[in-house]
Amino acid sequence: DSKHQVIDDTDIEAKANAGMAKDKQKQTSKKEYVSFKLYIGEKGPKKEHKEKKKNKKKEEKKKKSKKKKLTKKELKEQEKEKSKITQEGIKRVEELEKKLQTSKIKVNKAGREVKDIKPKKKKQILIGGVSLTDKMMFMDNLSTMMTAGLALAPAIKTLVKETKNKKLANILEHFYELVENGQLLSVGMKRHPKVFPEMIIATVEVGENTGMLADTLGHLAEILKAQKRLRSKVISALMYPSIVLIAVVVVSLFLALFVFPQMVVIFEGSNVNLPFILVAVQFLNETIRAYGWFILAGLIGVVVLVRYFFTLKKPRLWLHTVILKMPVAGNIIKELSITRFAGNLNVLLSAGLAIVESLRIVAKTVNNDRYRKVVLEMSSELEKGVSLHESMAARPDLFPSITIQLCQVGETTGALE
């Protein structure tokens, strides 16, 4: 009996434990089912998303109904406010773009920051320009200081203090600001094309690229000195004939206006026939006294028309070719043009520039249009493989034989400059 009771107790405990385990499983399954039902049911996220959509639609409908209820005046006011806001925004964007453009940082080859500086416009009135002597002194002094070991920016700063020409001092001050901010000297010269011609700018640019700026400036100073010497010789040669011509004009006017009228009165009083010269002078005096202002206005108009006519390309080329064929003035202009052509070509070739590009730059420095056209034609011929002395020999009326022979020797020996 005791054995049967023990077995029964163990069976009862086992059954009780099994029942408890089943109850726990049922509770867990119920919890999972409830959670799943809550996820899908009324309080789930899908339902909440649907409710949000409905609320948004309701709010949009309310806004539309409010817009419909607004009057025309209120709508116009709203449009005006919107337009003001847009205009203010556009202005603000433009200001920001300007600031961005001004604050853009440029970098040169050396890696320094470069700022684009414009020349300062001072209110003082500057009379006159920059003479050849001023440019020559600037090049010579700058070359001397750089060869002595002074840097470019402080050298220009010292020249600003020493130059007496105010216009050149302002230009040099602009150069100093540009060089101090990392830009090249040739960039500053390009801002003043009326003072520095293209030949000087190109030569300085080549000197900067090759690292021989001091030597290049010294060579340019020598060329400008030679030009000044030539100009002084021409002026001294033309001084005497011009003085004689002015004296002849003044004396003839004095005789025609004051002396000849009194002689006409004397001849008329003595009943003598007047000579032809006195009759012509009397006629000129009477016409000038009667129609003097009209004649002056006509002369001014003719001069203006003639000057405008000869500013055109074809008439100016014709005039320059005619001047070259004149006996005295033609020879002087030929010598001046050939001297300038040879000197400028020497500067550019010795600086290391190619001959074709040098000829194109030299063509812009020659004053005579006939020589300018011929030099450009020569540059195009040299591109095709023709030598310089051959293209010059094809134009014997513009280049003398000695110039052609010297160019031929320079090309054969390789020392054309």
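**Exercise 1. Describe how helix H12 packs against helix H14.**

Solution. This is a predicted model, in which local features need pLDDT of at least 70 and side-chain atom pairs count only at pLDDT 80 or more, while totals for chains, interfaces and linings use all residues. Residues are numbered from 1 along each chain as its sequence is written, and side-chain values use heavy atoms, with hydrogens and water left out.

Step 1: the elements. H12 spans residues 329-350 and H14 residues 369-383; helices are DSSP runs of H or I with at least four residues, strands are runs of E with at least two, and both are numbered from the N terminus.

Step 2: the geometry. The two axes come within 12 Å and cross at roughly 40° (axes are lines fitted to C-alpha atoms, for helices over the stretch in contact; angles run from 0 to 180 degrees between N-to-C directions). The crossing is right-handed (the near helix is turned clockwise from the far one by less than a right angle; anticlockwise is left-handed).

Step 3: the residues. Lys334, Ser337, Ile338 and Phe341 of H12 touch Tyr371, Val375 and Met378 of H14, a contact being heavy atoms within 4.5 Å. Five of these residues are nonpolar, one is polar and one is charged (nonpolar: Ala, Val, Leu, Ile, Met, Phe, Trp, Tyr, Cys and Pro; charged: Asp, Glu, Lys and Arg; polar: the others, Gly among them).

**Exercise 2. Find the relative direction and the contact classes of H5 and H6.**

Solution. Step 1: the axes of H5 (residues 152-162) and H6 (residues 166-180) come within 9 Å and cross at roughly 160°.

Step 1: H5 and H6 are therefore roughly antiparallel (over 145 degrees; under 35 is roughly parallel, 65 to 115 roughly perpendicular and the rest oblique). Their crossing is left-handed.

Step 2: residues in the contact include Leu152 and Ile156 from H5, and Leu172 and Phe175 from H6. The classes are 10 nonpolar, no polar and three charged.

**Exercise 3. State which parts of the model have pLDDT under 50 or below 50.**

Solution. Step 1: the protein averages a pLDDT of 77, and 72% of the residues score at least 70 (pLDDT is the predictor's confidence in each residue, from 0 to 100).

Step 1: pLDDT stays under 50 over residues 36-47, which have seven contacts beyond four places in sequence. Residues 107-114 are also below 50, with 17 contacts beyond near neighbours in sequence.

Step 2: where pLDDT is low, the predicted coordinates should not be read in detail.
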